[in-house]
Structures are given as structure tokens and as C-alpha cells.
Amino acid sequence: MQRVSIEKYLSADAKTPVIDVRSPAEFTKGHIPGAINIPLFSDLERAKVGTVYKQKSKEEAISLGLEIVGPKMKTMAELAKEYALNKQLKLYCWRGGMRSEKMAWLFELVGLKTTVLEGGYKAYRNYLHNKFDSIEQLIVLQGPTGSAKTYILQALSELGEQIIDLEGLANHKGSVFGGLGEPEQPTTEQFQNNIVELLDSFDLTKTIWVESESMTIGRVYLPEELWHKMNNSTVVSIDVPREFRIRHIIAQYGQFKSEQLISRIEKLQQRLGGKAMSEIIEYVQKEDLYHAVDMLLDYYDNSYAHSSKKYKTKKPIVVYLDSDKADINAQKLVECVLENQYDKI
């Protein structure tokens, strides 16, 4: 068994399987992306050992732990051998202490070579929070609802640009309608872990594009360090014809049932006002999505006008886009930024 720092742990052979030996609940809350859970204790077992540790003694907790683990050792060792690649595994627990040490001992007993993360998952989370300071050139793409910013980001990626698709990672498009048609959201912790996994594949000395978001996307939170970084970075604000935006929103949400759309609209009653909400719902019931979206944009544009100026510290670069083609718009953004070197356009 060898112990290594988080930097060496992550930079080691990416093909070597990573084993998380924490309980299933700990793993579900958040884990190193790609890790496999072989828990030393179940959630109930962990709770029992913890209670004995607090109420009696460390020695009695260890004794109970051995009693619990003994019958499972063969199964855990066989699982480890199945997952191992070239008889090698990387593993971690919460702090890199007893759980990972004992599991490493067991795995090595059956012929596997193990690498343990010094400081455990806690070290990974500390690494995560420090990672965002390493980003040298962040460009925040800002624009009102329906500007097809996600599609532009994807087109930027196809041009070879580095992009963070926060909404894609969050499984949510950010508005009250944003969860429609999306898979279940990850936990906040796992969402943040997945962002850092992406950053680890980037060259942090080169430009990274990210869409402007609020602190929350659906029910997950951005890492606070990234949020502050976004608010103090270069902002490119796109201005898109309203007609394009309406068509884009209808293309995104027009396939959903009226009941699904109405249930979301009703959540905006306090902000829309009863009369406006009733009119919008009536348009939806008549399948007149054009006028429904047109009215909703009045609300969203007012909200955008307020929030877009509230947190950002730098004056945005404004780019006017007269095409509804994401690839054309992406190329224009790259050219504008390069030509003006982040000065006003």
C-alpha cells in the first residue's frame, strides 16, 4: 500500500479503478467521479459503530467493526479483484484513515496493489475549492432567456474552445421550466465534483467559456469559489432578436403537455400577477404558445435586466447576433473576443 497526495492520486493512471470504501449514503451524497462503491460498512452498520465509539470507547467500536466486517471480507475481496485492472486499485475513505487502511490491507492480502488517497475524500473536496483559483481566463456568456446560450456553448466546443455546460451538468435549464424532460438532478456535492472533473481535463491557462447562472440551478448550488470567479470575469453579453428567442423557447418546450406547462406557470403567479398569469394560461390552453411565450418574456426580461447588473463587476462586451444558427454565432463571438482582446465591442 502506498499513500499519495490528491494531486498525485488524480494524475496517476486514469484507467486504474477508484474504490470508495465509505457507506452507500456517503457515496450517494458525493464521490470522486467514476469511483465504485465497495463499502466497509452499510449505513446502519456505520451508525452502530459510531454510536459505540461515542458512548463507550474506540476499542469497543473497533471490536464491533471487526465482528461486522469478518463475514464480509471474502465478498469484498472478490469484488475488488473483479474491478482491479492489472491487479491495481486506488481507494479512499473520508479522511484516509482506518477504513481505507484496512480495506487496502485486505485487497493486498489477495494480491492487489493499492494506492490510498492521503486525507481521503475530504482532501478531494479541499482540492475542489482551490481548483477555481487556477482558472486564468474565464469568459461568462450572458444573454436573456431564449438566446440559445447552451447551443452556442456547444458550438464553441466544436470550434475547439473549452466550455463548462453548467446546465448540462446540473440536469436543469435554470428557469421554473428547467426541469422539464431532464433526468434527476445530482446532489449539490456531486454536481460540484463533476465540474472539477471537467476542469481537470482542461488547460487552465487557456480560455474557458461558461454560461452566466444564478447561484442555484434547480436545486443544486454552484461552488462559491466559481460563483465569485464568474462575477469578476470577462462578460460577453449577447443581444438576440426577440423573434429568434420566442422560436427557440417553443422548440425547447413546445412538445410538453399543456398541463405540464401550466403547472410551471402557476409557480410564477406572485411575480406575474393574477391577470397576466391567467392570460398566459389561456394562450397555452388554446395551444397558442407564441403569445404565451411572448408574454412570459416580459417577465423574464425584467428579471434578467435586474440580475445581469447586480453581481458582475466588469462592464460586459455586447455582441449583436442576427443569426439563429449556433455555429455562426459561436464563430462571431470568438472573432469578437480575439479582435478586441476583451475591450468594449
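**View 1. Helices H7 and H10 pack against each other in this predicted model.** H7 spans residues 120-131, and H10 spans residues 188-199. Two packed helices are described by the angle between their axes and the distance between the axes. Here the angle is about 65 degrees. The axes lie 10 Å apart. H7 passes H10 in a left-handed crossing.

**View 2. Side by side, H7 and H10 meet through these residues.** H7 brings Tyr-121, Tyr-124, Arg-125, Tyr-127, Leu-128 and Lys-131 to the contact. H10 answers with Glu-189, Gln-192, Asn-193, Val-196 and Leu-199.

**View 3. Helix H6 covers residues 98-109.** The helix has 12 residues. From first C-alpha to last it reaches 16 Å, close to the 16 Å expected at 1.5 Å a residue. Just after H6 comes Gly-111, with a positive phi of about 95 degrees.

**View 4. H6 has a buried side.** Its buried residues are Arg-99, Ser-100, Met-103, Ala-104, Leu-106 and Phe-107. These residues lie on the same side of H6 because they cover an arc of only 160 degrees around the axis.

**View 5. Cys-93 and Cys-336 are both buried.** Cys-93 has a relative accessible area of 3%. For Cys-336 the value is 12%. Both values fall under the 20% cut-off for buried residues. A search of the whole structure finds zero disulfides.

Conventions:
Residues are numbered from 1 along each chain as its sequence is written. This is a predicted model: local features need pLDDT of at least 70, side-chain atom pairs count only at pLDDT 80 or more; totals for chains, interfaces and linings use all residues. Side-chain values use heavy atoms; hydrogens and water are left out. Helices (H or I, at least four residues) and strands (E, at least two) are DSSP runs, numbered from the N terminus. The expected span of a helix is 1.5 Å times one less than its number of residues. Buried means under 20% relative accessible area, exposed over 50%, partly exposed in between (1.4 Å probe, protein chains only). The arc is that of the directions from the helix axis to the C-beta atoms. A disulfide is a pair of cysteine sulfur atoms within 2.5 Å. Axes are lines fitted to C-alpha atoms, for helices over the stretch in contact, and angles run from 0 to 180 degrees between N-to-C directions. A crossing is left-handed if the near helix is turned anticlockwise from the far one by less than a right angle, and right-handed if clockwise. Contact means heavy atoms within 4.5 Å.
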